[in-house]
Amino acid sequence: MSQGVVQGGTGQSMDRADRPADPGAESESLATAGGSSGEPLLVVDGLTVRFPTHDGLVQAVTDLSYTVEQGKTLGIVGESGSGKSVSSMAVMGLHDPTSTRLSGSIRLAGQEIVGLSERRLQKIRGKEAAMIFQDPLSSLHPFFTIGAQLAEAYRVHHDVSKSKAKAKAVEMLDRVGIPQARNRVDDYPHQFSGGMRQRVMIAMALINDPKLLIADEPTTALDVTVQAQILDLLQELQRDFNSAIVLITHDLGVVAEVADDVLVMYGGRMVEYGPCKEILTHPEMPYTWGLLSSVPDVSSDPDTRLIPIKGNPPSLLNPPTGCPFHPRCAFKDKVPGDLCRTQLPELTPASTGGEHVKRCHLANPDTIYLEEIVAQGAALPQAVATAEANE
Amino acid sequence: MLAYIIKRVLSGLVVIILVSMSIFALFWFGPRSPAAPLCQQDLNIRCTAAALQRYEERMGFNDNAPHQYWLFVKGVFVGRDMKVGAGTYHCGAPCFGIDYRTKKPVGEEFKEKFPATLSLAIGGAALYFLIGVTVGTLAARKRGTMSDRALVTGTLVMSSIPYYLVCILAYIYFIIVWNLFPQTGYHKITENPWLWFSGLILPWLVLGLYQSTAYTRFSRGSMVETLSEDYIRTARAKGLTARQVVFKHGLRASIVPVVTIFGLDFAFLLAGTVFTEKIFQIEGIGKWGLDATYQRNLPVVSAVVLLGAVVIIASNIIVDIVYSVIDPRVRLT
């Protein structure tokens, strides 16, 4: 077992493999086991991902920085092509090195991931960091039994017999709530329902007790009631295993339910970041408003129309000048000096203070447009629509 | 599963019966009298209209068609005595007719010829399957690189050369001019394993290498597609090595369509590899059928065609069964 990547920390002497047997008792002492010198478990610093193609350089992720503490959940939100999945794949070192240019730094428990050899990455994948994906059916191999796939995941990182690995697989299936796990371990993925398959994926991801779990749209392919079950399961397991979770989604409802912090991405850049509650109640970037106003609300008038964000996601080959969101932004003309079109806004602290940062030239949107908001008697996001209607 | 197999075998039998009727109709009621080749062979220019009529009468071609077909079917199961030309020959079950030339039962000749075709087919098919899948898989791993492109172009060029030309050139250069390989031909493996091997090695190589180009491209395409699947990403995310990902998770899935094609191709080989057998002088089904066609040896031709139908139907059933074994999602009902 390679434990060398963890430098210090009080919980480091513990055998992590033993934890699932009695997770509750040990989680507390492990909460302190982060990286060295109090660094958060995952530190992404200035991450930039580029794909050279025939048509030019695809600027998938630009200068992305964030941290995730052990036991916490970060929600990364954005539309397709915003760079949320690409940045997370980079954390796992899953990009094809020949067709990807990666720069910046990703440190997982003190270990630098960027530039690490494939051999070293293999030791980290599935062991230190594991991943679950959007579509559990296509993400499980159709020709191998569930048990074989789980046991394989365990045996990659543990030198144990096949029967022991299979026993471990049954234990994990039981843990994620598969009924009669012992009987179902020899079934194939197509014999499971969608929600059960995602439970299997979670069991496989957690079988080596990873410090970090990346969940890439884990509930998108599932129906709503199953979504809630899977999210509950993830939260419950997070408490038991004390792992950090990076949850990638475009569903703000999912974020509201499980995330501690939220990172909003647009056009490969972070445009807003902060504690979940603040982002959802006091967003300061028009794009985040747009996302919020496109979420249906059960308590609102059923005749209320959802407000889509007009326009298309920006090209990653030729990103717009200035703010990446300006072509779709209703407020670009409210900023003096045409700054939105010419100058990329820096990440600046939001008016709410604390960790909340935004990338927007608008000084303080809440107060500037308070009148319009009040006049419409609408929720904050609808200010966006009002502004669009006025134009 | 068993019910499915029984169902498929029964429907296969129906097809074989229909095919046998078609063959029967084609050769016995074709534009020329089926007795004509034999009459001309025996009597040469003295085969007059009157002589031909005597032949037809004697061989039973003037009886009504259902009766003739009934005799044929009965012969398959219990054997029969057949009047061929001047003589009468016994044709034991399963009787598929008497060879016009040798006057031996076609079934017996088939038993002699088939091992040659089988030897050639197994060796050649094993070669092209192994080479094709291995090279195709490696190319898929290195897709986009210079060596991958060179390989794809190379296989395309090679498979656009006509197969018979490759056979003839190989025969002329490797055997006659450069003397690199022993003379080709078929010898029974039970009598002399070394002669069996040395007589087939060049045909195996030519057949195997030539056909492997198609299998290389096919396996490569299948593997490239498989490697973009989500479960391959999962396998990588588990921490498996690139080799484990490709050869365990990738190959398991990419091999399925290749096996399907392989099963059908192999059936064609068993029905006789005409060019290979003719050019390398291997006395197998293909050469037998070809020579019989030249000589208008109708009983042999119809037997070879019937055999082809049987082999193709059987291989289709086998491919379906194999398919259900490698893909657990396939349920045979």
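Reader: What makes residues of α10(B) and α13(B) count as meeting each other?

Author: Two residues are in contact if their C-beta atoms, placed from the backbone, lie within 7 Å, and by that rule residues of α10(B), among them B:Val256, B:Gly263 and B:Leu270, meet residues of α13(B), including B:Val311, B:Ser315 and B:Ile326. By class, this contact has 13 nonpolar, three polar and no charged residues, where Ala, Val, Leu, Ile, Met, Phe, Trp, Tyr, Cys and Pro count as nonpolar, Asp, Glu, Lys and Arg as charged, and the others, Gly among them, as polar. This is a predicted model, in which local features need pLDDT of at least 70 and side-chain atom pairs count only at pLDDT 80 or more, while totals for chains, interfaces and linings use all residues. Residues are numbered from 1 along each chain as its sequence is written, and chains are lettered from A and ligands numbered from 1 in the order in which they are written.

Reader: Why are α10(B) and α13(B) called roughly antiparallel?

Author: Helix α10 (residues 242-270) and helix α13 (residues 298-326) of chain B pack at an angle of about 160°, with their axes 9 Å apart. Angles under 35 degrees count as roughly parallel, over 145 as roughly antiparallel, 65 to 115 as roughly perpendicular and the rest as oblique, and the two helices are therefore roughly antiparallel to each other.

Reader: What makes the phi of A:Asp63 worth a remark?

Author: Most residues other than glycine have a negative phi, and most peptide bonds are trans. A:Asp63 is not a glycine, yet has a positive phi of about 45°, and B:Asn179, also a residue other than glycine, has a phi near 60°. As for peptide bonds, the one from B:Ala93 to B:Pro94 is cis, with omega near -5°, and B:Pro94 is placed in the loop between β2 (87-91) and α5 (106-141) of chain B.

Conventions. Axes are lines fitted to C-alpha atoms, for helices over the stretch in contact, and angles run from 0 to 180 degrees between N-to-C directions. Helices (H or I, at least four residues) and strands (E, at least two) are DSSP runs, numbered from the N terminus.
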